[in-house]
Amino acid sequence: MIDNYLGPQVAIIDDVPAEVASIETVLNERNIGNKYFKADNLEPQYPSEPIQTIEIVFLDLFYNTQMAAEFDPYACVEWLRRIIPHGKKYILIIWSKDIHYEKDLLTILKEMDAPYPFFVQSKLKS
């Protein structure tokens with residue numbers, strides 16, 4: 001992780017650190033401040049307050065922890081609320097194998113009046 005004196009510009013939210021290592025490497029090589037958040041359904045470790053300097057969020061999609069795991073857009077929204085200040089413009093990159101849930105997530109973001117991205121891109125995880 002590299003934070004320049006202004007703070008991180010990129011937030012990376014995923015439950016598997018190895019799946020985002022390539023993103024972190026590229027950002028670090030370019031001296032772009034970034035912060036990885038290990039998403040844990042049972043004990044999420046949110047930042048103490050939203051981060052004013054974040055401009056881009058790489059977001060893995062979350063699933064509830066029940067036997068038949070289903071997409072949980074509310075967990076995603078909670079992470080975005082905890083990281084992005086209300087009213088802040090940001091780019092959201094959905095970094096998941098299940099990018100078909102993009103519309104569902106955006107609908108819930110609007111319904112919950114959560115920080116809404118001005119640009120969204122979905123990318124398949126490899």
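Guide: Just after helix 3, Asp113 takes a positive phi of about 50°, where a helix is a DSSP run of H or I with at least four residues, a strand is a run of E with at least two, and both are numbered from the N terminus. This is a predicted model, in which local features need pLDDT of at least 70, side-chain atom pairs count only at pLDDT 80 or more, and totals for chains, interfaces and linings use all residues. Residues are numbered from 1 along each chain as its sequence is written, and side-chain values use heavy atoms, with hydrogens and water left out.

Visitor: Where does Asp113 lie, and why does Asp113 count as exposed?

Guide: Asp113 is placed in the loop between helix 3 and strand 5. Buried means under 20% relative accessible area, exposed over 50%, and partly exposed in between, with a 1.4 Å probe and protein chains only; Asp113, at 53% relative accessibility, therefore counts as exposed.

Visitor: Why is Asn31 called exposed, and why is Asn41 called partly exposed?

Guide: Asn31, in the loop between helix 1 (21-29) and strand 2, has 56% relative accessibility and so counts as exposed. Asn41, in the loop between strand 2 (34-38) and strand 3 (56-59), has a relative accessible area of 40%, which is why Asn41 is called partly exposed.

Visitor: How do you know that the buried residues of helix 3 are on the same side?

Guide: The buried residues of helix 3 (residues 102-111) are Leu105, Leu106, Ile108 and Leu109. They cover an arc of only 160° around the axis, so they are on the same side of helix 3, the arc being that of the directions from the helix axis to the C-beta atoms. On the other side of helix 3, Lys103, Lys110 and Glu111 are exposed.

Visitor: What do the buried residues of helix 3 pack against?

Guide: They pack against strand 3, helix 2 (73-83), strand 4 (91-95) and strand 5 (119-123), with contact meaning heavy atoms within 4.5 Å.

Visitor: How far apart are the C-alpha atoms of Asn41 and Phe62?

Guide: Although Asn41 and Phe62 are 21 residues apart along the chain, their C-alpha atoms are separated by 8.2 Å.
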